[in-house]
Amino acid sequence: MTDTLTHLQRLEAESIHIMREAVAESERPVMLYSIGKDSSVMLHLARKAFFPALPPFPLLHVDTTWKFKQMYEFRDKTAAELGIDLLVHQNPECVELGINPFTHGSATHTDMWKTQGLKQALDMHRFDLAFGGARRDEEKSRAKERVFSLRSAQHRWDPKQQRPELWRTYNVRRNPGETMRVFPLSNWTELDVWQYIHLEEIPIVPLYFGAPRPVVERDGALIMVDDDRLPLFDGEEPQLRSVRFRTLGCYPLSGAVESTADTLTAVIQEMLLTTTSERQGRVIDHDSAGSMEKKKQEGYF
Amino acid sequence: MTVPSRLIAEDIESYLNVHQHKSLLRFITCGSVDDGKSTLIGRLLYESHLVFEDHLEALEADSKTGTQGGELDFALLVDGLAAEREQGITIDVAYRFFSTEKRKFIVADTPGHEQYTRNMVTGASTAEAAVILIDARKGVLTQTRRHSYLVSLLGIGKIVVAVNKLDLVGYSRDVFDTIEAEYRDFAAQIGLTDIVCIPMSALRGDNITEPSQNTPWYHGPTLLGYLETVPVGQHAKDGPFRMPVQWVNRPGHDFRGFSGVVVGGRVRPGDRVRVVPSGQQSTVVRVVTMDDDLDEAVAEQSVTLTLADEIDVSRGDVLCAADSPAGSADQFEAHVVWMAENEMMPGRPYLLKLGARTVPVSLSRPKYRVDVNTLEHAAATTLALNEIGVCNLNLDRPIAFDPYAENRDMGGFVLIDRLTNATVGAGMLHFALRRSQNVHWQAIDVDKAAQAELKGHRPCVVWFTGLSGAGKSSIANLVEKRLHALGAHTTLLDGDNVRHGLNKDLGFTEADRVENIRRVGEVSRLMVNAGLVVLVSFISPFRSERRMARDMVDEGEFVEVFVDTPLDVAEQRDVKGLYRKARRGELTNFTGIDSPYEAPENPEIRIDTTVTVPEAAAEEIVNRLRDLGVLR
């Protein structure tokens, strides 16, 4: 043990502290699991925080039915291997109405499946605290959010009612009905996450690595044809191109980047040399100005 | 191509290896926008290659029309992000991230205005170093003093004084020397000693990363040079071992570990530890992590310890070095920074969270308030938003602590409102008050149970609350007559009567009304201990204080009676003529007129006086007391 901790060691210790604090002061905690790289890191940290016990909460995947096939495989394998309870919630209204990004648009699709679905799941299981993997460097409205973020009984976020956070003393108290969203990775950057995955050999979905995949080019984005639900427009012919994903969401809404980076170091190298930001490939962030902030106030993560 | 990007392109493994072994420095920047803070932060982001190409192109275009005559205006980088503030959201502190080849940085970027004292304090609470900007043309200003005081108050030891905009005074050594001398003189008065003064121009890049040729007379470090090498994590590491227990880990019968962050010193297997406040001792067996057991854990690490003995340890206890344990006390003196719109109420019960322990606390009237501009001590009866004062704290049980100056984690606390659960203040413990060690609870043999036995009924407080003129006293009076006739031993405390004696020194300000109720609550408690049924007839307009009075007696001994009379009805009755006076402006702080009344949410008994006459109300209350088992 050297005398000065590295920045990753300090970030790790801080995240573990946050998780233990959150669990100690809540009745029914849950960890939101989106199957992405941040979720993978968060889950790994949770295992460390409560070792040798298993994390004392289930994982919750708010499913849209439109994730990549490989994501579902990875999700089920991860939960089974680690022996952690996995809850999957699909908004029954969306299932019934067949909500999808094509006929209903990305905004409705996201709101109905994810925002409303999340609120349903939290209410249904009476969870009073939910971990999320958001980072402050990711998006402007996230940069403004506290580590412990209070939500009203209607799941609304009020940026003006945020509590000051001093030292490592977090005020987790809530009135009945109010819930907390807790972001243990607040102070991590994208590079920290990749570096930590590298260092700790944390498994991630293979879609993050470059490989030949069938894609169509649509509105300047490369959309992967993950199954036959993707309607092809006239003249669109899926092409096999070497691509990978910087962030993962619903497959029709996640733009791929051309890449042959098939190792973790190559991926990190590419990330460091890129000149565009991480969320650039996400269709939902571009719906309207300040859209993420609005979504968050309405209860999106 | 710069050096790091060449390394990324050619030898990513080496780059990652370097990155992995970087240390982390959290620092705070202070100074108003005019001092060049945005430019400085923009420059630091730029120098650490965190600016994406598209942003840089935009910057170049913007700068052409900007105030800097076509040179890159780095302030635009930060101000561009800060435009989010225009959405009307108060961001009290923004955290920005950058890294160099040696170190990673988290900057707490706090607005400099006076009304943001709480933001400065929030940002400074996690910082190990502070960069205080001074405009070379203006020298040491009130604002410089205020920021330095706050930085010193929060215990940040490492100070960089960035004498900025030196280009605008011709890189004058005299100007720099004068400012440095004046600053050091001031800093010594507030106990700041570890200071580096750097002459710079954030705009032109002088002494930011490279020594400037414009200041050949300066031989100290550059700003980044200093930030990259200033020692981190030393503060807590040198002290004795401390670990507040956050979580007791019991996956099964064969493992019982205590989890937490080491916030002071270091710990190894075999070390003797003492649990504070209980005082029990044991020996550390293992330092458990998922990767492997450790030979040693140091400050800042999150670990799980197992002990040799089955002693009682729970969340909130602190594991300490056995030979130099933390103190344990229930009364303290502390600096308090008030962070809420509602002013601090001396005597009102709040919650104090220190480490993993949350306990009820009340604060004394401030001994003094600090004027953050002049640093003078002023008399104060309360603390308003952004004010700092020194108060005594009274906890309802002892907790483990160290003075803040010795260990931030063991002496820094937040204050929480008991009703809204908002964080309303923060503070730093100085020392335990000696009286908390010298005044002990005297055990009395003839206790409440013995008294009740003799009286033939259970003691309790029947607390009548409602507007002036609601009918509290009339009903209370009837209730007492009935109880007396039933052979119960009673007493009646009436608001007006108590103000003639015990509380005649109190006025009607919010703070005085809190104290009024506190004293009456204490008297009620003593009388409950004497076995009486205590009838209290007080407007008692605030929920917090009624809650405080309720908490002073045991569960089931407090019966809240809400004498519910609408304001217009009470005002019509106006038995004492007070409403008329208040309406004429001859009475201030009158409940219902210019002072709020917070109706009970869940009273044990609610009397609607618009439909219930006092006799029926009294009957109902006596019946309820019978149901509650007060009367036998």
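Axes here are lines fitted to C-alpha atoms, for helices over the stretch in contact, and angles run from 0 to 180 degrees between N-to-C directions.

## Basis and confidence

This is a predicted model, in which local features need pLDDT of at least 70 and side-chain atom pairs count only at pLDDT 80 or more, while totals for chains, interfaces and linings use all residues. Residues are numbered from 1 along each chain as its sequence is written, chains are lettered from A and ligands numbered from 1 in the order in which they are written, and side-chain values use heavy atoms, with hydrogens and water left out.

The model scores ipTM 0.87 and pTM 0.78. Where pLDDT is low, the predicted coordinates should not be read in detail.

## Helix packing in chain A

Helices (H or I, at least four residues) and strands (E, at least two) are DSSP runs, numbered from the N terminus. In chain A, the axes of α1 (residues 7–24) and α7 (residues 190–200) come within 11 Å and cross at roughly 95 degrees. Because angles of 65 to 115 degrees count as roughly perpendicular (under 35 is roughly parallel, over 145 roughly antiparallel, and the rest oblique), α1(A) and α7(A) are therefore roughly perpendicular to each other.

On the α1(A) side the contact involves His7(A), Leu8(A), Leu11(A) and Glu12(A), which meet Asp192(A), Gln195(A), Tyr196(A), Leu199(A) and Glu200(A) of α7(A).

## The six-stranded sheet of chain B

Six strands of chain B form an open sheet of mixed pairing, in the order β2-β3-β1-β4-β5-β6; two strands pair if DSSP finds at least two bridges between them. The edges are held by β2 (94–99) and β6 (195–199) of chain B, each with a single partner strand, so one side of each is left without a neighbour in the sheet. From one strand to the next, the twist averages 25 degrees.

Six bridges join β2(B) to β3 (residues 103–109) of chain B, and these strands run antiparallel; Arg96(B) has Val107(B) in β3(B) as its bridge partner. Helix α7 (residues 142–153) of chain B packs on this sheet, where it touches β1 (23–30), β4 (129–135) and β5 (158–164) of chain B, and its direction makes about 175 degrees with that of β4(B).

The contact between the chains takes 64 residues from chain A and 82 residues from chain B. The buried area (the accessible area, with a 1.4 Å probe, that two parts lose on being put together, summed over both) is about 6500 Å² between chain A and chain B, and carbon and sulfur atoms give 57% of it.

## Backbone details

The peptide bond from Phe51(A) to Pro52(A) is cis, with omega near 5 degrees, and Pro52(A) lies in the loop between α2 (37–50) and β2 (59–63) of chain A.

Definitions and conventions:
Contact = heavy atoms within 4.5 Å.
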